[in-house]
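Thank you all for coming; I would like to take a few minutes to go through one model and how its parts are packed. Please keep the structure on the screen while I talk.

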Amino acid sequence: MCAHCFLQCLAGPFSKMAQDSVGFSSDYQFWMQKLSVWDQASTLETQQDTCLHLPRFQEFLRQVYEVLKEMDSNTIIERFPTIGQLLAKTCWNPFILAFDESQKILIWCLCCLINKEPQNSEESKLNSWTRGLLSHILSAFRFDTKEVGLFTQGLGFAPADYCPGLLKNMVLSLVSELRENHLNGFNTQRRMVPEKIRFLSRVCIPLVTLPDIEPLVEALLIYHGHEPQEVLWPEFFDAVNEAFLLKKISLPISAVVCLWLRHLPSLEKATLHLFDKLISSQRNFLRRIECFLKDSLLPEAACHPAIFRIVDEMFRYALLETDGAPEVLAAIQVFTRCFVEALEKKNKQLKFTFKTYFPYASPSLVMMLLQHPKEIPQELWHQPLKHISEMLREMVEDQTHGSYGGPFECWFLFVHFGGWADIAAEQLVMSEAEPPEALLWLLAFSYSPRDRSLQRAQTMTEVKAVLGHLKKLFRSPTLSAKDLQAAAAESQDRDPRPPLCQKLIRRLILNFLLWAPGGHVIAREVITLMAPTDELTHEMTGLLDQTLYRWDHLCMEAPKSRKLARELLEELCLAGTAC
Amino acid sequence: MESLLQHLERFSELLAVSRTTHVSPWDPATVRRALQWARYLRHVHSRFGRHVRIRTALERRLQKRWRQEGTSGSFPVPGLTNFQALGRCDLLLSLRLLENRALGDAAYHYLLQQLFPGPGVPDADEETLQGSLVRLARRRSAVHMLRFTGYGENSVLEDSVLKTQAELLLQRLREVPKAEGEGPSRFLSALWDRLPQNNFLKVIAAALLLPPSSPRPQGEELELGTPKTPGQGGQELVRWLLAKSDVMAAFCHNLPVGLLTSVAGRHPELSRAYLGLLTDWGRHLRYDLEKGTWVAAESQHVSWEELYGRFQSLCQAPPPLRDEVLTALESCKAQDGDFQVPGLSIWTDLLLALGRGS
């Protein structure tokens, strides 16, 4: 299945329930009943139920407004005699008022009820009543004691003046209380009972996108009580995660890690949200993928092994389902890069060995793969490549050694660090010497992990033959497209090349074009011959993007090759539907 | 410049009227003009925010107005008290009109149309009036949720209310016209006469305990109710307290002991005055030979237990204050004759009870 279809399948259970409008009037009845039950949302059950329905109710309010705005006040009362009740009950439920845009839509609805020229006492009364509700939403404020109200009035302040400041102070004091409880445990003067913390998490659900509440949300996420079970409301995590993914709240990485560690569904949703962005139908350049990844905070959070394992598991699943789609491979590679980068930044406090991240892999292989090519002089790159190849080969071909998971696991580990395969492909083309068997094996394995030894050997032979031809042409002054075509041609008396082998050969040809002195002259012609279809063009742009990305990160100086690669990439993108 | 100042005057009057029944004859056109004026002043605010000369001139005019109104004996605080307020003058006006029941139906309807145009207007820019009003509504319900649907004891939230009132008080103190230097004192005395005194005392204590902070950078925007230099206003408060002995007495009498100790710790001048009061109260106690304790001569005097409690709290404070208190007690004891035996000097007995007599 292709990557895109895979995503659609996954999106199924998480998509919003389709609003089957069985009719506006039945919705109306439904919500009227709900509102009556909820009343002022003063009990645990009503609060919980209200929170569950907040987004849907907001949608309903929008519908109500759309209907009301077309009518004048009298018509509204005729058509919906109980509209007043509905709107009033909404006003008195603080959870609804606090949520997202509900208060705004409610105000719009109430505005529709105002009659600009009331003709009789009924209409006047309705106006008066509506004005009262609007006041309630916008300005009324009630303190526990009269004294405070008198004080603020005496100073000439209206609720609009001190409300933001009061909210800030309340949040600050709650945050410091939470922090005190978190740090001092049983030694605090004011112990926060678990019910209070749970209540706070409930209250935060509708308020999660209000910037003033951010410090409280953060403090709740980081707070660790002393009870064995989770003390926060699960819907709280959902709401925070949603808001975070839609960028409606900004949280520090420590809080996000707490969120994902405490609530697994949030982590899964976050990863799927990322997949959605990365594996969309539009081609994403690796640079952009890197931005998305860093933005999502997943690589940084993955420094915590539990999070890494879960995200990695989801990548593995995606890879299996899409049969190794290139987009997924690219995503894994960039993810690992960002992850290692984040890990190194925290290196001073490196708490977990790599075994915790890759428990099923040989530690020495992991260490080898984690090496930075940048730290090794280019002439010596063949050494680590050879070691990696030998280690992998031993694991893959040794049937009895089941402990490292078999070919797929080895391959899955290797693709995390796919840069090595790219380097191998480049080395093979650039070097004058006889292609080392180890490198041939490594490439063949990386492109086609499921091959049996015989098929792999065949691939290696084919590739060796093509390389032989290419080497002869490398320094040729009269290089032509036809020459290259001949070099890459399949021999007539053998079985046709399997598609993955063809893919590998295309790759080598592209490398050749980028590195051979005469390559730039014939590059376009060759590519047109090699990639006549959209799919193949897509493949070519992917390879070019990957190559440029790698050169940037390795700080490779290769001005001519770079220029050519960039030009080709631009042309291919402009030309077609590939980008 | 002059026209701008006049405009400011007219708008201030308009703002004052908007709360009264004088708006009942207003029609939609009047509302429109009023909103336009407000919008203009808001534009002035954003345009001239960094222009020191214009800003100062406007503020001076506002202060002059306040002084004029103040002397008339009634006690209004004007709607616009400083340059900052201009940035929200349309919000202020709108809210006053929205709450004013005297506003006619047609005018009210028009007002709503202007303030809440509906979904067509892109609301991503939080600067729109609709956005500000809606945000206010949301914050209001947040406060309500955190406070009224609260759980169990709410002392933490009571503190927030006190702290907010303290911040408001200090803000007003900063704005009060200071020409004669008496402005703040007169203002505070007027508040004392008019407002519930118990709450006022608590707010003063909270204000005196607010953390001192760095000077406010020039031209920076402030949200009303969140002042950044509370320390400044604190001085005015201390000065006023020291000048008004009756307030000081009530302050020391009614507030919880621990709170007073904290305040004394922060403000040395107040600690001296507090000590003075305590020694005064001490002198009113007589030793009752039969009961073997110190008793108050009259019912309104402070009792031994209370006096002891206060001194005990003060002695548990950190060094500068604690030492000051002990020194004062020692010197009182010396003045009395430096008795070592209990029952003769209250100061000896206090020191003995505190474990520091010798």
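When I say that residues meet, I am using contact in the sense of heavy atoms within 4.5 Å. Please also bear in mind throughout that this is a predicted model.

With that in hand, let me begin in chain A, where A:F57, A:F60, A:L61, A:V64 and A:L68 of helix α3(A) meet A:I83, A:L86 and A:T90 of helix α5(A). By class, the residues of this contact are seven nonpolar and one polar, with no charged residue. Helix α3 of chain A covers residues 44–68 and helix α5 of chain A covers residues 83–91, and their axes come within 13 Å and cross at roughly 140°. An angle counts as roughly antiparallel when it is over 145 degrees, and α3(A) and α5(A) are therefore described as oblique to each other. The crossing of these two helices, α3(A) and α5(A), is left-handed.

Further along chain A, helix α12 (residues 214–222) and helix α13 (residues 234–245) pack at an angle of about 125°, their axes being 12 Å apart. That angle makes α12(A) oblique to α13(A), and α12(A) passes α13(A) in a left-handed crossing. The contact is formed by A:V217, A:L220 and A:L221 from α12(A), together with A:F236, A:F237 and A:V240 from α13(A), and its residues divide into six nonpolar, no polar and no charged.

Turning to chain B, we find helix α10 (residues 197–208) and helix α12 (residues 245–254), whose axes come within 10 Å and cross at roughly 85°, so that α10(B) and α12(B) are roughly perpendicular to each other. On the α10(B) side the contact involves B:N198, B:L201, B:I204, B:A205 and B:L208, and on the α12(B) side B:V247, B:A250, B:F251 and B:N254. Seven of the residues in this contact of α10(B) with α12(B) are nonpolar, two are polar and none is charged.

Finally, how much area do chain B and chain A bury between them? The computed value is about 6400 Å², with 67% of it on carbon and sulfur atoms. B:R138, B:R140 and B:M145 supply 13% of the area that chain B buries against chain A, which is more than any other three residues. In terms of contacts, 67 residues of chain B touch 70 residues of chain A. Three salt bridges are counted between the two chains; A:R131 forms a salt bridge with B:D105, where the closest N and O atoms are 3.6 Å apart.

Definitions and conventions: Residues numbered from 1 in each chain as written. Chains lettered and ligands numbered in written order. Predicted model: local features only at pLDDT ≥ 70, side-chain atom pairs only at ≥ 80, totals over all residues. Heavy atoms only, no water. Axes fitted to C-alpha atoms, helices over the stretch in contact; angles between N-to-C directions. Helix = DSSP H or I, 4+ residues; strand = E, 2+ residues; numbered from the N terminus. Parallel < 35°, antiparallel > 145°, perpendicular 65-115°, else oblique. Left-handed = near helix turned anticlockwise from the far one by under 90°. Nonpolar A, V, L, I, M, F, W, Y, C, P; charged D, E, K, R; others polar. Buried area = accessible area lost by both parts, 1.4 Å probe. Salt bridge = Lys/Arg side-chain N within 4 Å of Asp/Glu carboxyl O.
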